[in-house]
Amino acid sequence: MTDTQHTWSAAESARYRAAGHWQGVTFGARLRQGATEHGGRVALVDGDRRWTYAELDSEADLVAQGLRGLGIGRGDRVVVQLPNCAEFVLVWFALQRIGAVPVHAMPAHRRREIGHLVRVSGAVACVVPDRHARFDYRELMRSVRAEHGPGRSPRTVIVVGDPGQESGFVPFDELRSAPPSTADAPPVPASDDGGADPSDVALLLLSGGTTGLPKLIPRTHDDYAYNARACAEVCVLDTETVYLAVLPIGFNFAFACPGVLGTLMAGGTVVVAPDPSPQTAFALIEREGVTLTSLTPPLVTHWMDEAASGSWDLGSLAVVQVGGARLPEEHARKLGPALGVTVQQVFGMAEGLINLTRLNDPEDLVCATQGRPLSPDDEILVVDADGRPVPDGTPGELLTRGPYTLRGYYRAEEHNRTAFTPDGHYRTGDVVRRLPTGHLVVVGRIKDQINRGGEKIAAVEVEEQLLTHPAITAAALVGVEDERWGERTVAFVVCSGPAPGAREVAAHLKERGLAGYKTPDEVVEVPGLPLTAVGKVDKAALAQQLLRS
Ligand code: J2J
């Protein structure tokens with residue numbers, strides 16, 4: 001790909017290689033190695049379907065061949081929007097095998113987000129289910145393509161299930177059953193990875209976003225493999241590990257921290273949970289002997305409640321990671337005993353930096369901090385508003401750079417100028433306190449983003465859409481504390497004429513093609529938006545106003 005001008009310097013790259021962080025192996029080649037080392041072991045379980053490492057490897061070859069037959073090749077971007085199912089993993093490795101680049105979308109995304117992803121990434125294809133959770137993804141793809149006009153981008157839509165009649169829609173099953181050699185599908189060359197270079201972008205992740213639309217995060221083979229492997233080391237994964245993917249598999253946490261990739265790199269088994277309910281998960285834990293899983297804070301209470309019923313044997317489960325949003329200390333203290341597990345807090349970001357509590361950390365650190373950096377080469381700065389480092393214990397913005405933290409978003413020149421310091425530190429927008437042990441406590445945020453139980457909502461994006469409602473003349477989306485979600489969203493709106501209610505607003509945003517989790521939980525009409533001294537909307541005052549009312 002040609003869009004990786006923001007990258008590590010030659011000196012930094014040499015240092016990360018010398019330290020053994022970057023191993024110079026592509027994901028396509030790693031899968032082949034896995035098949036050699038762990039051939040007969042079970043790699044992947046989805047319901048009654050199972051793949052050994054050897055089978056995963058040969059299936060990736062088959063699907064890769066089908067993808068080539070569709071004209072997809074090295075460097076091409078492909079949006080993958082699948083729920084938790086084996087096909088996610090199969091198509092992901094098949095794309096790696098031909099040097100193509102998966103773009104991780106979430107099942108909850110709709111026309112607006114997917115259209116944006118397709119446009120920014122220049123994706124040639126999308127992979128979607130036919131239907132999932134009462135939603136028809138073929139309809140979604142039809143509307144995305146219609147919006148894109150004459151080029152009908154993306155050219156190809158690969159459908160897991162029934163593709164329907166639309167031209168350009170291809171069933172996934174046809175890819176994996178492609179005959180070895182036909183006129184338009186030449187045999188896969190001997191390469192394991194389509195000739196990809198380990199320093200190439202291997203995948204594009206989605207940022208939580210603070211601006212109008214989510215940014216894309218380029219992750220290279222070298223940096224992402226290090227991310228997954230180092231997390232696997234911290235979590236002491238081995239061939240006996242059975243990881244349950246409960247959170248959406250395309251989410252960085254579930255995919256590579258250590259998640260799916262870390263488990264496969266350790267020779268363990270990945271089990272995909274079709275939904276995150278404790279009932280579904282606990283049945284899989286019992287049946288498959290799951291040892292590790294990862295959750296967001298809102299799931300923790302559901303899991304503890306269900307475990308208290310006493311009707312499940314969770315004896316195999318050793319470690320539960322919790323991250324994505326702040327876990328209340330009280331819940332952290334209860335979770336271990338409730339499930340009979342070791343708890344690990346994870347404060348990570350798709351941009352790179354991962355902090356984790358260590359499995360042998362004292363209970364107070366595990367329960368009251370969000371962990372410490374994964375790598376000895378993660379550089380951490382905690383700074384005041386003028387960018388000056390603050391002493392340990394004092395809250396400040398977290399800045400970071402290191403061997404697996406991006407140096408620039410994909411095709412986002414303007415945003416990159418402010419998202420990074422001149423010397424390449426990423427401005428996380430998170431406010432933290434650092435303890436003398438190096439552990440970080442997340443105490444707040446300066447980015448205009450709301451964290452609704454781990455789902456990130458860029459306030460500006462929703463505000464822009466609210467303003468498209470004919471009655472709304474000004475809008476501010478504010479996060480307020482919430483028992484269940486940690487934060488819920490309140491839209492303060494100024495209206496001309498009768499104010500729309502929450503349901504009308506929800507319908508309007510749905511019509512605009514916005515993902516459902518971005519719908520405000522509450523809509524409050526105000527006569528005007530309060531401003532700060534510098535003329536910005538005073539969101540703190542709005543939140544206060546709500547508390548008083
Ligand atoms: C408070 N805030 C947290 C935590 C993330 C592992 C875990 C999570 C993510 C993730 C991830 C938090 N306490 N424990 O990618 O690999 C907030 C911060 C952070 C933002 C990143 C991973 N864990 N956060 O959540 O890219 O504000 O990644 O900057 O979705 O989530 O969001 P995201």
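**A ligand between two domains**

In this predicted model, the shell around the ligand draws residues from both domain 2 (220–445) and domain 3 (449–548), so the ligand lies between them. Domain bounds here come from an automatic or database domain assignment. Residues are numbered from 1 along each chain, as its sequence is written. As for confidence, local features need pLDDT of at least 70 and side-chain atom pairs count only at pLDDT 80 or more, while totals for chains, interfaces and linings use all residues.

So what sits around the ligand? There are 23 residues in the shell, and the closest are Asn252, Phe253, Gly323, Gly348 and Ala350; a residue counts as near if its C-beta atom, placed from the backbone, lies within 6 Å of the molecule. Two or more residues each come from α9 (252–256), β16 (342–349), β21 (426–434) and β22 (440–445). These labels are DSSP runs numbered from the N terminus, with helices (H or I) of at least four residues and strands (E) of at least two. The top contributor is β16, with 5 residues. Sorted by class, the shell has 9 nonpolar, 10 polar and 4 charged residues; Ala, Val, Leu, Ile, Met, Phe, Trp, Tyr, Cys and Pro count as nonpolar, Asp, Glu, Lys and Arg as charged, and the others, Gly among them, as polar.

The chain also has a domain 1 (26–37 + 54–197).
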